[in-house]
Amino acid sequence: MTETKTDLLSMNVAELQHFCAGIGEPKFRAAQIFKWMHAGVSFDGMTNLSRALRERLEACACVRFPEIEEKFVSELDGTVKYLWRLSDGQNVESVFMRYHHGNTICISTQAGCRMGCAFCASTIGGKVRDLLPSEMLGQVLAAQRDMGERISGIVLMGIGEPLDNYDNVVRFLRLVTDPDGINIGCRHISLSTCGLVDGIDRLAEEGLAVTLSVSLHAPTDALRSEIMPINNKWNVAQLLAATVRYFEKTGRRISFEYTLIAGKNDTEEGALALVEAMKRHVGRKMPIHINLIPVNPIKERAFAAADGQSVRRFAAILERHGLCATVRRTLGPDINASCGQLRNKENQMQKKIL
Ligand code: SAH
């Protein structure tokens, strides 16, 4: 089993140097191994290492790239969805998206999720485990290799709550922004959170300055607590105050996600309450950008997407009150591209087979 082997892809160059010293190899091997791994190559392809060394590495260490369990290509917009199989058989998803400014990948940070948001497919079976830094990096490298195209942007918006796997996520961010690796700038990375305030404050101190995306989805505590249990721990006021602190510390603009659920949070009062909450808790302290996304209905939950008319009405109310809002373009609707849908389907199929 790979579990007993040293996970080299989670290591930075200094740690790899230490590892190399431990197996009696010179320091410069570390940079060679790092370069190969970050080009998506495992031991057998590291051609500037002797065969004997590659065999020794194989015996005690691993480079953890996920395997493709299933791959779906959208006929509508070329979006590609991967269902990966990790070394212990867990499945997670990534979505490769083409934008005019380059290719972006949405990756998973946990197998499952324990946050319990009422509309989300990822949380249905709870959290199974956190992903290792190598397993997050592996999604980027394996997709890049499979597509044969450079990935220049990353969003941590797949399965899992990134700030609930804090240390591994921060280590992943340092690896993926390393100039000797694939060197994706913090400006091209977005981390999405359902609102773990302690994690937001910690992240602001890391010197990483990634874009923070906050899943707000409701303007009042009554409604937010009903659809997002995390709101019972940190309420709307505390969450919005944390986003202001993050902005002040990093200078990065925050984007707020607001998923529109018909008859629940898409009403006129809902829009006005959102304006009120933003005015009260954010005010002029930072620019506000709100992404409106009609909810993607999942069959386990009785939530319907807001129709075009109420989406436009909602956006118009925000604009009228000076809040910048965009209606998010949905990519890959024909391939279950939303968070957690595929993993869920796969888990259910496996249950049927058992
Ligand atoms: N846990 C993190 C990141 C993963 S979810 C977070 O909560 O932000 C990524 C985004 O998809 C979040 O904004 C989440 O609220 C949203 N989302 C989840 N299920 C959805 C659905 N069925 N329809 C629309 N958006 C959904």
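The legends below describe close-up views of helix packing and of the ligand surroundings in a predicted model.

Local features require pLDDT of at least 70 and side-chain atom pairs pLDDT 80 or more, whereas totals for chains, interfaces and linings use all residues. Residues are numbered from 1 along each chain as its sequence is written, and side-chain values use heavy atoms, with hydrogens and water left out.

**View A. Packing of helix α4 (residues 133-147) against α5.** Helices are DSSP runs of H or I with at least four residues, numbered from the N terminus. The two axes come within 8 Å and cross at roughly 45 degrees; axes are lines fitted to C-alpha atoms over the stretch in contact, and angles run from 0 to 180 degrees between N-to-C directions. That angle makes α4 oblique to α5 (under 35 degrees counts as roughly parallel, over 145 as roughly antiparallel, 65 to 115 as roughly perpendicular and the rest as oblique). The crossing of α4 and α5 is right-handed, a term used where the near helix is turned clockwise from the far one by less than a right angle. In contact (heavy atoms within 4.5 Å) are P133, M136, L137 and V140 of α4 with N168, V169, R171, F172, L175 and V176 of α5. These residues comprise eight nonpolar, one polar and one charged; Ala, Val, Leu, Ile, Met, Phe, Trp, Tyr, Cys and Pro count as nonpolar, Asp, Glu, Lys and Arg as charged, and the others, Gly among them, as polar.

**View B. Packing of helix α5 (residues 166-176) against helix α6 (residues 197-204).** The axes of α5 and α6 come within 12 Å and cross at roughly 30 degrees, which makes α5 roughly parallel to α6. Y166, D167, V170 and L173 of α5 form the contact with G199, R202 and L203 of α6. Four nonpolar, one polar and two charged residues take part.

**View C. Packing of α6 against helix α8 (residues 236-250).** The axes of α6 and α8 lie 9 Å apart at an angle of about 5 degrees, and the helices are therefore roughly parallel to each other. From α6, V197, I200, D201, L203 and A204 meet Q238, L239, A242, R245, Y246, K249 and T250 of α8. The contact of α6 with α8 divides into seven nonpolar, two polar and three charged residues.

**View D. Surroundings of the ligand.** The ligand is surrounded by 17 residues, each with a heavy atom within 4 Å of it; the closest are E161, S192, S215, H217 and N296. A nitrogen atom of the ligand lies 3.0 Å from a side-chain N or O atom of E161. For T259, a side-chain N or O atom is 3.2 Å from a ligand nitrogen atom.

Conventions:
Helix = DSSP H or I, 4+ residues; strand = E, 2+ residues; numbered from the N terminus. Polar contact = N/O pair within 3.5 Å; in protein donor to acceptor, adjacent residues only side chain to side chain.
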